[in-house]
Amino acid sequence: MASSSLSSSHLRPTSEQVQRVSGQIQAVRQRISQAASHAKRRDPPRLVAISKLHPPTSILAAHTSCSPPQIHFGENYAQELESKAKVLPSSVQWHFVGKLQSNKAKVLAAIPNLYLVETLDSVKAAQALQKALVNLETKREGPLRVYLQVNTSGEDAKGGLPPLGGHEQGDKGGELVQLAQTIVQDCDRLELSGLMTIGAAAESRKGDGNGFQSKEEALEANSDFRVLSETRLALVRALRQAKVESKNSRYTQLLSGDDEEGGLELSMGMSADLEVAIWAGSDNVRVGTDCFGVRPKSRDEAMESMKHELEPPASA
Ligand SMILES: *Cc1c(COP(=O)(O)O)cnc(C)c1O
């Protein structure tokens, strides 16, 4: 069973891990607060430390040795997330950022401290998550937050639904509206909280984020961030125009508020482009390499070398 307090894990990070990881996360936090202050953002974005392929002891080092503690961590494989969640404190808030297969809905739904699924991109997966949450023996305290993944770069290899708004309207964005509508109307165990993009690697190298004067410059520099921002506005407009209704009061702002963002968050920005993303209005940056270092090349070897840490603690 997962232990509940911050420090009660049976795992012990080495002092080298503690020094290295807390130093790196401190540096990322500084970049975030500096960009947020230059961009005159009232609320800096949430930092999600993407911990895929890094061992539980590194995550624990970040969780217990940073000040304030690092709370949000992200993983892109359901099984890896499941086994890490079992050996780490329940005070960690997990984000799932990988390809979401409907047959993994049960695994994800059963993780009590899963905070957010960032990569929802089909009605089928939404319904599978909803069903898995309804069938849980021990119910979660609140609904499971979800972001809809948008394929802003149009690359085949990237997941997500086509964007909305801008020039290429058509009915291409219809799927996104349909998915949002399904969640709002039929999935009471889910909470539609925002939109997410990964974006093209080439776009992430544009603009250095420290030379901007305005949000418009950032949106000009990175087309993925621009498309995601426009998609949020267009989605909110489409839901209001279609007069979508919900029994749930948590959607009042989205469906009948008068602000154009509808309370939806944007998840965009990684190690290479987090400053640009913050200028462009990101609420949630996902930073792996700059928090934990370069990831191991081989998934199999990484999993093998952390295997002993993923075993349940020997009972005392
Ligand atoms: C791995 C990953 C990241 C982190 O990427 P870095 O470049 O290492 O910061 C962010 N988002 C998603 C969806 C990822 O899979």
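Angles under 35 degrees count as roughly parallel, over 145 as roughly antiparallel, 65 to 115 as roughly perpendicular, and the rest as oblique. I note at the start that the model is predicted.

**Entry 1: H6 and H9**

I looked up the packing of helix H6, residues 174-186, against helix H9, residues 223-241. The angle between them is about 60°, and their axes lie 10 Å apart. I therefore log H6 and H9 as oblique to each other. The crossing in which H6 passes H9 is right-handed.

Next I listed the residues that make the contact. H6 supplies Leu176, Val177, Ala180 and Gln181, while H9 supplies Thr231, Leu235, Ala238 and Leu239. By class I have 6 nonpolar and 2 polar residues in this contact, with no charged ones.

**Entry 2: cysteines**

How many disulfides does the structure hold? I find 0.

**Entry 3: Glu275**

I located Glu275 in helix H11, which covers residues 274-279. Is Glu275 buried or exposed? Its relative accessible area is 8%, and the cut-off for buried is under 20%, so I record Glu275 as buried. I then took its contacts, leaving aside neighbours within four places in sequence. The list for Glu275 reads Arg31, Ala35, Asp208, Gly209 and Asn210.

Notes:
Residues are numbered from 1 along each chain as its sequence is written. This is a predicted model: local features need pLDDT of at least 70, side-chain atom pairs count only at pLDDT 80 or more; totals for chains, interfaces and linings use all residues. Side-chain values use heavy atoms; hydrogens and water are left out. Axes are lines fitted to C-alpha atoms, for helices over the stretch in contact, and angles run from 0 to 180 degrees between N-to-C directions. Helices (H or I, at least four residues) and strands (E, at least two) are DSSP runs, numbered from the N terminus. A crossing is left-handed if the near helix is turned anticlockwise from the far one by less than a right angle, and right-handed if clockwise. Contact means heavy atoms within 4.5 Å. Ala, Val, Leu, Ile, Met, Phe, Trp, Tyr, Cys and Pro count as nonpolar, Asp, Glu, Lys and Arg as charged, and the others, Gly among them, as polar. A disulfide is a pair of cysteine sulfur atoms within 2.5 Å. Buried means under 20% relative accessible area, exposed over 50%, partly exposed in between (1.4 Å probe, protein chains only).
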